[in-house]
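Trainee: I am new to this structure. Please show me how to read it, feature by feature.
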Amino acid sequence: MTMEAMSTVNRGSSLRRDLRLFFVGGLISYRALFNWLHPKIYIPTMLGSPLFQILFFTNLGRFSGVETDSFFVVGNAVQVCAMSSIYGMTMTIANERYFGTLSSLLATPANRFALFLGRAMPPIANGMLVSAFGFAVGIAFLDFRPPASSFGALAVIVLVTVVSCTALGMLLGSIGLRARDVFFASNLMYFLTLLLCGTNVPLETLPGWMQAIGRSLPLTHGIDAARSVAGGAALGDVSGLIRTEFLIGGAYALGAYVLFRVFEIEGRRRASLEAL
Amino acid sequence: MTNQSTALTPRRVARVIARCWAIQLKSLTRSGFFLLVTVLQPIIFASIAFFMFRAGGQAPTLLYAALGAGLMGIWSATLFGSGGIIQWERWQGTLELLVAAPAPFVLVLFPATLATSSMGVYSIAATLAWGRLFFDIPLELAHPLLFAVAIPVTVLGLGLLGLVLASTFILYRNANALANLLEYPVWLATGLLVPLSLLPDWVGPIAYALAPTWGIRAIRESALGGDPLFAIGMTAVLGLSYLIIAAFSIRHFERQARERAALSLA
């Protein structure tokens, strides 16, 4: 076999390894590190809590007279994906350190990019499921009736938003490789998205600095796009918002990966990978 | 030989309660999670309510929202603290020691759950201060003395409700999941931000059996005007009934756990 042929074979097997790491590794790490996977925890936390969150804010909206029910149903149905995207993603990265497996993981020659990104797939799938459940809650209990033609566009918007929000979760997870209590940050971020991302408060009624923060966070543009589509707009009408949401997510994912690598290198240098 | 009697005198009971309360409170004030739940989370929810009420123009005063958001913080602290207390003791390996101690377990558990609801006083203080500083909410109380009574009675009522929660969670391993589930429904059903009149009729009987319903009524009527005495009394009566329920429930679950030798496993 020539050197060139051997190199091609190596490249092929390396790609297979990376793909396997991406899909299988991501799934296994999710099963191992996501604390809320058991139905006894998943149902009350990932479905029960979003159900009552949507009912709470919709009723608060009725009382304050600020917007229609569908404003709150759509805002919260999209935002509840953060239950998976922020909490799930943070756990899936940061728990390596809490469970004492981080050193073993980083001692392997595994492709870091595949290892890192693979962990995002299950939270994305789960986030889609939680958001879909949120919309179902609106339809079942709050008389939310989006046009049937909007379902496909809503699915696309929710997918982009969940990806973007998962990137924020990745960033928090990466910080968790170094920070003492990353779950404080992920809880805080979840609550802040209720305030700053136009989930419950129309963005234009917030002070300018809050609007600026909100516009730089995932969810904001996705929620805006979802509201337009649920109100009858076509997917093409909100393509700018979707693109912005995707780019924001990309920026957070890049930041997360850079932090992951920096903290890995720093952790090795200072022998502080598992210092809590 | 000295008398080593372990009989419970009122003085000993008071000492157990005071010591357990103080230790638990110290421990909670050093927890980042409880800082979030009792200070930051209520401030965020108060801000949401302030902006919504201002934008909508239909709702009552912002002080109404500040007090509601503060009590939401007390409930969250009670729920997560009391719901998780058995689990934390179990994780630390101290549950068996507490159950085996000469003091009845209910006497050990009560001050611990009271400490969690006491943490919620931070919530009221935080939302009132936040509203005053950033939203210019005037802090003029209609009945300052009754307000000063309503707050501790509400904290006590919620602490005793926390005792019922803690007692029912003895045999439940995933208390945190239940706590996650119960936060929003109680906020909603007890009228902390949304009046009960906007909710379906069947919510009423549930709401009236929960101390936060009467607690927020007592606090609001003492702050905004009205007659808070009945609500203060109802909070106290409900608290007493929670204590009776919890005492039976703790004895029952404790015996079950001992019989199955599953205290640390459940």
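Mentor: Start with the contact between the chains. It takes 30 residues from chain B and 31 residues from chain A. Two residues are in contact if their C-beta atoms, placed from the backbone, lie within 7 Å. This is a predicted model: local features need pLDDT of at least 70, side-chain atom pairs count only at pLDDT 80 or more, and totals for chains, interfaces and linings use all residues. Residues are numbered from 1 along each chain as its sequence is written, while chains are lettered from A and ligands numbered from 1 in the order in which they are written.

Trainee: Which helix supplies the largest share of the side of chain B that touches chain A?

Mentor: Helices are DSSP runs of H or I, at least four residues, and strands are runs of E, at least two, numbered from the N terminus. Helix 2 of chain B gives the largest share, 13 residues. Helix 2 (32-56) and helix 8 (175-189) of chain B each supply at least two residues.

Trainee: What classes of residue has that side of chain B?

Mentor: Ala, Val, Leu, Ile, Met, Phe, Trp, Tyr, Cys and Pro count as nonpolar, Asp, Glu, Lys and Arg as charged, and the others, Gly among them, as polar. The side of chain B that touches chain A has 22 nonpolar, 8 polar and no charged residues.

Trainee: How many helices and strands are in chain B?

Mentor: Chain B has 11 helices and 0 strands. Its C-alpha trace spans about 70 × 35 × 35 Å along the principal axes.

Trainee: How much of chain B is buried?

Mentor: A residue is buried if 20 or more other C-beta atoms lie within 10 Å of its own, exposed if 12 or fewer, and partly exposed in between; those atoms are placed from the backbone. In chain B, 49% of the 266 residues count as buried.

Trainee: Where are the most contacts inside the largest nonpolar core?

Mentor: A nonpolar core is a set of buried Ala, Val, Leu, Ile, Met, Phe, Trp, Tyr and Cys residues joined through C-beta atoms within 7 Å. The largest has 160 residues, and A:A226 and B:A49 have the most contacts inside it. Leaving out residues up to four places away in sequence, B:A49 touches B:A65, B:G68, B:A69 and B:L193.

Trainee: Which residues of helix 12 of chain A are buried?

Mentor: Among them are A:L241, A:E245, A:Y252 and A:F263. Their cover includes helix 6 (112-118), helix 8 (151-175) and helix 11 (220-230) of chain A. Just after helix 12 of chain A, A:A271 takes a positive phi of about 55°.
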